[in-house]
Amino acid sequence: MKKILITGGAGFIGSHVVRLFVNSYPQYKIYNLDKLTYAGNLRNLEDIQGAANYEFIKADIADRDQITGLFKTHGFDSVIHLAAESHVDRSISNPLEFLRTNIVGTVNLLNACIETWADHFDGHLFYHVSTDEVYGSLHDDGFFLESTSYDPQSPYSASKAGSDHFVRAYGNTYGLPYVLTNCSNNYGPNQFPEKLIPLFINNIRNRKKLPVYGRGENIRDWLYVVDHARAIDLVFHKSQPGKTYNIGGFNEWKNLDLIRVLCDVMDEKLGNTPGASRELIEFVTDRKGHDFRYAIDANLIKEELGWEPSLQFEEGLSKTVDWYLQNQDWLSEVTSGGYLKYYETHYGSH
Ligand code: NAD
Ligand code: TYD
């Protein structure tokens, strides 16, 4: 049985990747390694937690001894690395935590891979999941290509760019087989309500103000999370080692336009008077160093691997709102902090 280590599997995107792999590949043993920071929630994986080919490991990627020991015990064959500190606003107030997890943690994993796989790299793969934010900020025109120079502008994107450079350096220096993908903004079920879409869904649900940074003119390219997980599956199985692919939704939205659509969808689903939620919009002080526009050219992965987003944005947004409304207990538990006790209750204290 091939042993696949997925890091950050209790988080937003990681939980969708873990579910897809556990359900699609009974011939693989899937190990989900996660520190369970505030962003990690094992409730995201309740449906597969008893699967025969699944195991959860609570560990910190920045703890070198712990990671080395786990590779010795389990001898993982391949790694899909998603664990990270992922929120730009938190990186502005606590950059060191981003350096620790995103750079030191990634290098610990890379070292464990080259030690465990030694010079016998055949059949092994280190898959590094990264972001389009490493390319910096676009003006009104143009798109990020795989060949676009790195120009990270926030502590978050700088730490992700650093981790990307280390992955490629290990490929070049030690011959480590790797693949790397840079994806645009994800949305969908199980996203922590600090990011724009789930935060605003939760605020509308509670009739709280919607804090729009600046004038709401910044632009993001949105992709439904399950489509990202499908792309990761495809790249993991079909890509040549050493390749990079950009992944995006072909779906750019100015923040304020997106927020207005979200308000209208919520009003319709909640039976509110049309326009009621738009009244909650409040313009607040802009994020420091706020990147203006991200836009991915995802044609390479489309042409070489045949990947395309499966959902139109309107459909994805409607499904997303339905999920949060049907899982209000998930949302309440996350906002109250109750989910933090889940691991202790289900796995005992370690
Ligand atoms: P998330 O914040 O929802 O989840 C991150 C997970 O990593 C959590 O479960 C957390 O507990 C775990 N983690 C954090 N520090 C850890 C550590 N030191 N050791 C072990 N586990 C740790 O993040 P996400 O949005 O699911 O993003 C996952 C990955 O995808 C990240 O690498 C991120 O940079 C990348 N990415 C995210 C987006 C997006 O829109 N969310 C877009 C492109 C790329
Ligand atoms: P976010 O979800 O934090 O993703 P990222 O910054 O990684 O793109 O934010 C998406 C956009 O929404 C970004 O331009 C910042 C903006 N934003 C707000 O206007 N208000 C908010 O409360 C948040 C969290 C984000």
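A polar contact here is a pair of N or O atoms within 3.5 Å; within protein, one must be able to donate a hydrogen and the other to accept it, and residues adjacent in sequence count only if both atoms are side-chain atoms. Keep that in mind for Thr7. The backbone nitrogen of Ala83 lies 3.0 Å from a polar atom of the Thr7 side chain.

Some ground rules. This is a predicted model, where local features need pLDDT of at least 70, side-chain atom pairs count only at pLDDT 80 or more, and totals for chains, interfaces and linings use all residues. Residues are numbered from 1 along each chain as its sequence is written, chains are lettered from A and ligands numbered from 1 in the order in which they are written, and side-chain values use heavy atoms, with hydrogens and water left out.

Back to Thr7. Thr7 sits in strand S1, residues 2-7. Helices (H or I, at least four residues) and strands (E, at least two) are DSSP runs, numbered from the N terminus. Is Thr7 buried or exposed? Buried, with a relative accessible area of 0%. Buried means under 20% relative accessible area, exposed over 50%, and partly exposed in between, with a 1.4 Å probe and protein chains only. Thr7 touches Leu33, Ile61, Ile80, His81, Leu82, Ala83 and Leu109, leaving out residues up to four places away in sequence. Touching, or contact, means heavy atoms within 4.5 Å.

Ile61 leads us to ligand 1. A polar backbone atom of Ile61 is 3.0 Å from a nitrogen atom of ligand 1. Asp60 also reaches a ligand nitrogen, with a polar side-chain atom at 2.8 Å. Tyr156 brings an N or O atom of its side chain to 2.7 Å from an oxygen atom of ligand 1. How much of ligand 1 does the protein bury? Taken alone, ligand 1 exposes 840 Å², and the protein buries 97% of that. Accessible areas come from the Shrake-Rupley method with a 1.4 Å probe; for residues, only the protein chains shown count as cover.

To be near, a residue needs one of its heavy atoms within 4 Å. Ala, Val, Leu, Ile, Met, Phe, Trp, Tyr, Cys and Pro count as nonpolar, Asp, Glu, Lys and Arg as charged, and the others, Gly among them, as polar.

Now helix H5. At 1.5 Å a residue, the 20 residues of H5 (155-174) should span 28 Å, and the end C-alpha atoms are 28 Å apart, which agrees. The expected span is 1.5 Å times one less than the number of residues. Buried residues in H5 include Tyr156, Ser157, Lys160 and Tyr170. Against what do the buried residues of H5 pack? Helix H3 (88-93), helix H4 (95-117), strand S5 (125-131) and strand S6 (178-183). Just after H5, Gly175 takes a positive phi of about 80 degrees.

Just after H4, Ala118 has a positive phi of about 40 degrees.

Ser154 lies in the loop between S5 and H5. Ser154 is buried, at 9% relative accessible area. Its side chain reaches the backbone nitrogen of Ser157 at 3.0 Å. Ser154 also touches Val88 and Ser91, not counting residues up to four places away in sequence.

On to ligand 2. Of the 18 residues around it, Glu133, Pro211, Arg220, Arg287 and His290 come nearest. A polar backbone atom of Leu196 is 2.9 Å from a ligand 2 oxygen. Asn255 has a side-chain N or O atom 2.9 Å from an oxygen atom of ligand 2. For His290, the side-chain distance to a ligand 2 oxygen is 2.7 Å. Alone, ligand 2 exposes 510 Å², and the protein buries 96% of that. Helix H6 (196-205) and strand S8 (210-213) are the elements giving two or more residues to this shell. By class, the shell has eight nonpolar, five polar and five charged residues.

Last stop, Leu317 in helix H10, residues 313-326. Leu317 is buried, with a relative accessible area of 2%. Leu317 touches Tyr187, Ile197, Val261, Leu262 and Val265, not counting residues up to four places away in sequence.
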